[in-house]
Amino acid sequence: MSPTNSEIAALDGEGRIPAYVARPDADTTRAIIVIPEIFGVNEGIRKKADDWAALGYLAIAPDIFWRFAPGVELSPDIEAEFQEALGYFGQYDADLGVKDIEAAIRWLRSQGATKVGCVGFCLGGRLAYMAATRTDIDASVGYYGVMIDTMLNEAHAIAKPLMLHIPTEDHFVDHAAQAKIHEALDPNPKVRLHDYPGLDHGFAATMGNRRNDDGAQLADSRTRDFFAQALA
């Protein structure tokens with residue numbers, strides 16, 4: 001299977017963004033953007049999009065590295081590919097990335113969606129937070145988002161529901177960073193934070209060595225309930 005099966009227009013005439021699109025069996029006005037980790041639109045991300053389509057949402061997973069590594073599909077469990085992904089993360093411009101999320105929002109609305117949510121993982125979790133602060137998306141969910149603690153000055157702009165899943169032993173987001181996130185966001189009635197004691201980055205991966213079944217099932221059930229309410 002190709003990692004992407006479609007493409008959408010980027011903002012400002014920049015080009016076309018490759019994307020994986022999963023359509024539900026029936027027409028719908030609800031949509032989900034699945035924002036990948038640093039490993040591209042790989043099998044795990046496609047499965048997440050398929051799962052949302054099975055629940056009746058129009059789902060799209062944009063290729064966030066399309067500007068410099070289009071079509072890349074990597075495994076976090078293969079060390080060489082993990083290191084390659086870290087290199088792409090170093091090249092990535094999140095300010096441009098959130099414009100790509102905006103492009104996905106516009107495309108979904110052109111397809112008939114009146115309620116659009118996004119769910120992101122790792123770097124995608126950071127983008128989900130940025131979508132909540134910089135776009136008019138209807139709801140956002142971030143799993144183990146990185147560097148959110150460095151962007152809390154944008155939290156005042158959160159106008160729609162946001163949920164963050166925080167594994168307490170995330171080796172990319174230390175306890176001090178988690179404390180800053182809680183301090184800044186706990187008072188915000190639009191935001192719900194969930195801690196997962198003892199779990200590490202990547203615990204809700206669809207497959208592979210990082211997955212923790214109990215934690216993933218709990219977080220995913222909370223996400224499904226969140227979107228069922230926020231995108232109703």
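These legends accompany several close-up views of one predicted model.

View 1. Let's start with the whole sheet: its 8 strands follow the order E1-E2-E4-E3-E5-E6-E7-E8, and the pairing is mixed. Strand E1 (6-9) and strand E8 (191-196) are the edge strands; each has a single partner strand, so one side of each lacks a neighbour in the sheet. From one strand to the next, the twist averages 25 degrees.

**View 2. The hairpin of E1 and E2.** Here E1 and E2 come together as a hairpin, with 6 residues between them. Look for Asp-12 in the turn, where phi is positive at about 60 degrees. The two strands pair in the antiparallel sense over 4 bridges, and Ala-9 can be found opposite Arg-16 in E2.

**View 3. E2 between its neighbours in the sheet.** On to the pairing of E2 with E4, which is antiparallel and also runs over 4 bridges. A handy pair to pick out is Ala-19 and its bridge partner in E4, Pro-62. E2 is mostly covered, with 6 of its 7 residues buried.

**View 4. The parallel pairing of E3 and E4.** Strand E3 (residues 30-35) pairs with strand E4 (residues 58-62) in the parallel sense, over 3 bridges. To find your place, look for Ile-32, which stands opposite Ala-59 in E4.

**View 5. Helix H1 across the sheet.** Helix H1 (residues 43-54) lies across strand E2 (16-22), E3, E4 and strand E5 (115-121), and runs at about 55 degrees to E2. Its 12 residues reach 16 Å from the first C-alpha to the last, close to the 16 Å expected at 1.5 Å a residue. The buried residues of H1 are Gly-44, Ile-45, Arg-46, Lys-48, Ala-49, Trp-52 and Ala-53. What do they pack against? Their partners are E2, E3, E4, E5 and helix H6 (213-230). Just after H1, Gly-56 adopts a positive phi of about 100 degrees.

**View 6. Helices H3 and H4 packed together.** H3 and helix H4 (residues 123-134) pack at an angle of about 70 degrees, and their axes are 10 Å apart. That makes H3 roughly perpendicular to H4. On the H3 side, the contact is made by Ala-94, Asp-95, Gly-97, Val-98 and Ile-101; H4 contributes Arg-126, Leu-127, Met-130, Ala-131 and Arg-134.

**View 7. The largest nonpolar core and Tyr-129.** The largest nonpolar core has 84 residues, of which Ile-33, Tyr-129, Leu-185 and Phe-227 touch the most other members. Helix H3 (residues 94-110) supplies the largest share of this core, with 8 residues. Zooming in on Tyr-129, and leaving aside neighbours within four places in sequence, its contacts are Ile-148, Met-151, Leu-152, Glu-154, Ala-155, Ile-158, Leu-162 and Leu-185.

**View 8. Helix H5 and His-182.** Helix H5 (residues 175-185) lies across strand E7 (162-167) and E8, running at about 155 degrees to E7. His-182 belongs to this helix. Is His-182 buried or exposed? With a relative accessibility of 19%, His-182 counts as buried, because the cut-off is under 20%. Not counting residues up to four places away in sequence, His-182 touches Ile-166, Pro-187, Leu-193 and Asp-195.

Note on methods: Residues numbered from 1 in each chain as written. Predicted model: local features only at pLDDT ≥ 70, side-chain atom pairs only at ≥ 80, totals over all residues. Heavy atoms only, no water. Pairing = 2+ DSSP bridges. Axes fitted to C-alpha atoms, helices over the stretch in contact; angles between N-to-C directions. Contact = heavy atoms within 4.5 Å. Core = buried A, V, L, I, M, F, W, Y, C linked by side-chain atoms within 4.5 Å. Buried < 20%, exposed > 50% of the residue type's maximum accessible area, 1.4 Å probe, protein only. Expected span 1.5 Å × (residues − 1). Parallel < 35°, antiparallel > 145°, perpendicular 65-115°, else oblique.
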